[in-house]
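Reader: I am new to this structure. Can we go through it in short questions and answers?

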Amino acid sequence: MNQKNDDTILDVKDLKMYFPVTRGLLRRKVADVKAVDGVAFKLKRGETMGLVGESGCGKTTIGRCVLGLYRPSAGEIVFNGQDIAGFPEKKLRDVRRNMALIFQDPYSSLDPRQSAGSIVGEPLLIHKVTMAKSDYRERVEQLFRIVGLDSSMSDRFPHEFSGGQRQRIGVARALACSPHLIVCDEPISALDVSIQAQIINLLEELQSKSAGLSYLFIAHDLSVVRHISDRVAVMYLGRIVEICKSRVLYENPLHPYTRALLSAVPIADPVVESTRERIILKGEVPSPLNPPPGCSFHPRCFVAIPECSQGVPGLQDVGEGHEVACIRVPGYKRTF
Amino acid sequence: MTELLRVNGLVTQFNTESGVVKACDGVSYYINEQEIVGLVGESGCGKSVSQLSVMQLISAPGKIAGGEVIFDGQNLLDYQANGPQMRSVRGAKIAMIFQEPMTSLNPVLTIGQQLTEMLVIHMKMSADAARKRAIELMGLVGIPAADSRIDDYPHHFSGGMRQRVMIAMGLSCNPKILIADEPTTALDVTTQAQLLEMMRDMVERFRTSLVIVTHNLGVVARYAQRIYIMYAGRIVESGMTKDIFAKPRHPYTIGLLKCIPRLDEEEGTKLVPIEGLPPNLINMPATCAFLPRCSYKIEKCYKEPWPELTPVNGDHFIRCYANTEVKPSESKKR
């Protein structure tokens with residue numbers, strides 16, 4: 001594989017994913033749902049990028065496009081130096097060896113009829129990573145140890161494990177082929193509060209142990225995303241509205257949607273709570289079938305001006321890699 | 001402040017094939033007039049079951065096996081679950097909002113039919129008056145164009161809007177107590193904030209007490225004046241919100257606060273997970289249920305049964321033998 005030496009593992013350029021809406025007997029296309037509409041970001045080796053947004057904002061769709069599970073309508077997905085967006089299925093298979101996915105629901109993402117060991121080992125067989133039987137067994141045992149499970153449990157079936165343990169199996173399966181990139185799609189939201197921290201710590205530990213493992217961490221919980229990510233991208237209705245370092249996210253959010261989203265997350269401390277700014281948004285997220293003109297957030301925005309509906313603001317760097325898409329942010333140059 | 005509701009030693013159990021599950025094992029709490037109380041715990045800790053027991057909505061194989069629920073000087077558990085006396089309390093004086101707005105509305109009836117039903121039954125309103133009041137209530141909870149949307153069906157509404165309908169329904173008979181069981185868990189954060197703010201305004205306006213049942217410590221920190229923390233069917237810590245968050249005393253509460261990431265945390269903060277798993281509630285030992293996961297445990301914990309709630313400071317109660325004001329011995333070893 002023509003792996004380049006630069007430190008970018010994933011470079012998504014102007015990614016668009018439209019799903020057609022069809023009607024009638026002939027399934028004529030009547031409209032498009034613009035699930036992802038012009039998204040661009042870069043992920044460095046060893047970095048964790050958080051992708052947050054409310055349901056329906058397109059964050060999962062991006063994850064699936066990156067993994068080649070959807071064929072994007074337009075745009076490039078440069079992974080390890082090659083654009084995989086238009087790859088045929090056969091070639092994708094080779095690429096996928098280096099990427100993995102951790103699913104949201106550990107109760108439905110494991111085959112109930114497969115033993116834990118064979119779930120974890122299956123990627124090894126598919127990608128022909130381990131040829132000899134003894135290598136295979138050794139690797140599976142090693143994977144169990146890495147995620148903190150007893151390797152003697154490998155003959156058990158998913159229903160014999162708790163939710164947290166099942167998610168550990170999911171993590172072990174993702175790690176099987178030593179991928180460069182793991183897409184974590186809401187990996188902890190189905191778990192109990194006291195178990196979530198165990199999985200977060202496991203993911204952090206894995207990254208610090210293996211040089212160059214990158215995460216694309218998709219979640220709706222801002223506090224979790226901020227905790228685990230180096231940089232965070234905030235999405236609204238198919239577009240990224242702000243990208244910044246996670247440290248900056250809480251201290252200096254610029255986009256009005258980010259500010260509202262942050263203020264909506266309660267902090268478990270009544271003293272801090274009593275002094276926080278609270279922005280309560282009006283209305284609900286509009287349908288991606290019929291998004292408002294211009295900036296799609298303007299109908300709910302508390303700082304909107306008439307110009308906001310005239311054009312779509314693109315992401316602009318307003319200093320120190322802090323990118324934002326809002327004409328009301330000081331330092332942002334309007335281009336329409 | 002006058003006391004509205006007092007629950008004493010409530011025991012609710014489920015007889016299953018593999019044994020008796022005590023979902024609530026001696027739960028006691030009270031609710032004052034016009035107060036917002038938070039009931040916090042993880043899934044399966046019995047927080048919802050305790051509230052359903054107060055409403056007598058426990059169905060077989062569940063059974064309320066003991067305790068009393070004193071409301072208006074009467075023990076509600078003396079009433080037959082389906083009798084007229086209980087029915088005159090349920091929904092009218094104590095109302096409940098359920099977690100899943102998607103499934104708790106009847107899909108084949110219009111919003112109007114479901115909203116007016118309670119008004120006609122409990123408030124003895126005429127159909128016309130009930131409809132007017134329902135439109136008014138829908139406006140109050142922030143449903144736009146209420147007079148035309150009242151004839152819509154639940155599937156016409158988004159999740160947030162359905163939960164608004166549920167809140168309107170809960171408040172429709174001016175209840176004394178509104179129990180909100182995970183009212184916003186299934187919703188997005190911005191919708192969650194909208195609804196919780198609106199609920200707080202509503203309970204102020206209707207002079208209702210609100211019980212928020214949730215697993216989200218942030219929500220109770222923001223809204224509740226007093227909180228109860230539940231673990232394995234029992235209340236393990238109770239007190240004023242500011243006291244508990246400033247100085248949590250039960251090992252479980254201490255652990256919970258350390259294992260959730262905070263939005264305002266310093267960079268590089270490590271989460272300290274609570275090791276192990278919540279216990280299986282079948283055939284529980286008499287000792288503390290948190291014992292296997294506890295980092296403060298002392299010898300006494302293994303020998304004596306789980307202690308009762310004991311005051312540590314004024315209104316602040318915990319159910320624990322150990323001295324949690326000092327650091328656990330384990331952290332010294334590391």
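Predicted model: local features only at pLDDT ≥ 70, side-chain atom pairs only at ≥ 80, totals over all residues.

Reader: What box do the C-alpha atoms of chain B fill?
Author: The box is taken along the principal axes. Inside it, chain B has 12 helices and 12 strands. The box is roughly 70 × 50 × 40 Å.

Reader: How many helices and strands are there in chain A, and what is its radius of gyration?
Author: Chain A holds 10 helices and 12 strands. For 336 residues the globule rule gives 20 Å. Chain A is close to this, so it is as compact as a globular protein of that length. Its radius of gyration is 21 Å.

Reader: What does the C-alpha trace of chain A span?
Author: The span is taken along the principal axes of the chain. It comes to about 70 × 55 × 45 Å.

Reader: Into which domains is chain A divided, and how far apart are their C-alpha centres?
Author: Domain 1 of chain A takes 8-98 + 179-324. Domain 2 of chain A takes 106-178. Their C-alpha centres lie apart by 29 Å.

Reader: Which helix gives the largest share of the side of domain 1 of chain A that touches domain 2 of chain A?
Author: The contact takes 12 residues from domain 1 of chain A and 14 residues from domain 2 of chain A. On the domain 1 side, the largest share is five residues. They come from helix H6 (residues 193-209) of chain A.

Reader: What classes of residue make up that side of domain 1 of chain A?
Author: Two residues are charged and one is polar. The others on that side of domain 1 of chain A are nonpolar, and they number nine.

Reader: Which helix gives the largest share of the side of chain B that touches chain A?
Author: Here 37 residues of chain B are in contact with 33 residues of chain A. Elements of chain B that give two or more residues are helix H7 (189-206), helix H8 (217-223), helix H9 (241-246) and helix H10 (251-259). The largest share is seven residues, and it comes from H7(B).

Reader: Are H3(B) and H6(B) roughly parallel or roughly antiparallel?
Author: Two packed helices are described by the angle and the distance between their axes. The axes of helix H3 (residues 111-122) of chain B and helix H6 (residues 159-171) of chain B come within 9 Å and cross at roughly 20 degrees. Angles under 35 degrees count as roughly parallel. Therefore H3(B) and H6(B) are roughly parallel.

Reader: Which residues of H6(B) make the contact with H3(B)?
Author: By class, this contact has six nonpolar, one polar and no charged residues. H3(B) brings Ile111(B), Gln114(B), Leu115(B) and Met118(B). H6(B) brings Val165(B), Ala168(B) and Met169(B).

Reader: What is the phi of Glu186(A)?
Author: Most residues other than glycine have a negative phi. Glu186(A) lies in the loop between strand S7 (181-185) and H6 of chain A. Glu186(A) is not a glycine, yet its phi is positive, about 50 degrees.

Key. Residues numbered from 1 in each chain as written. Chains lettered and ligands numbered in written order. Domains from an automatic or database assignment. Contact = placed C-beta atoms within 7 Å. Helix = DSSP H or I, 4+ residues; strand = E, 2+ residues; numbered from the N terminus. Nonpolar A, V, L, I, M, F, W, Y, C, P; charged D, E, K, R; others polar. Axes fitted to C-alpha atoms, helices over the stretch in contact; angles between N-to-C directions. Parallel < 35°, antiparallel > 145°, perpendicular 65-115°, else oblique. Rg over C-alpha atoms; globule rule 2.2 N^0.38 Å.
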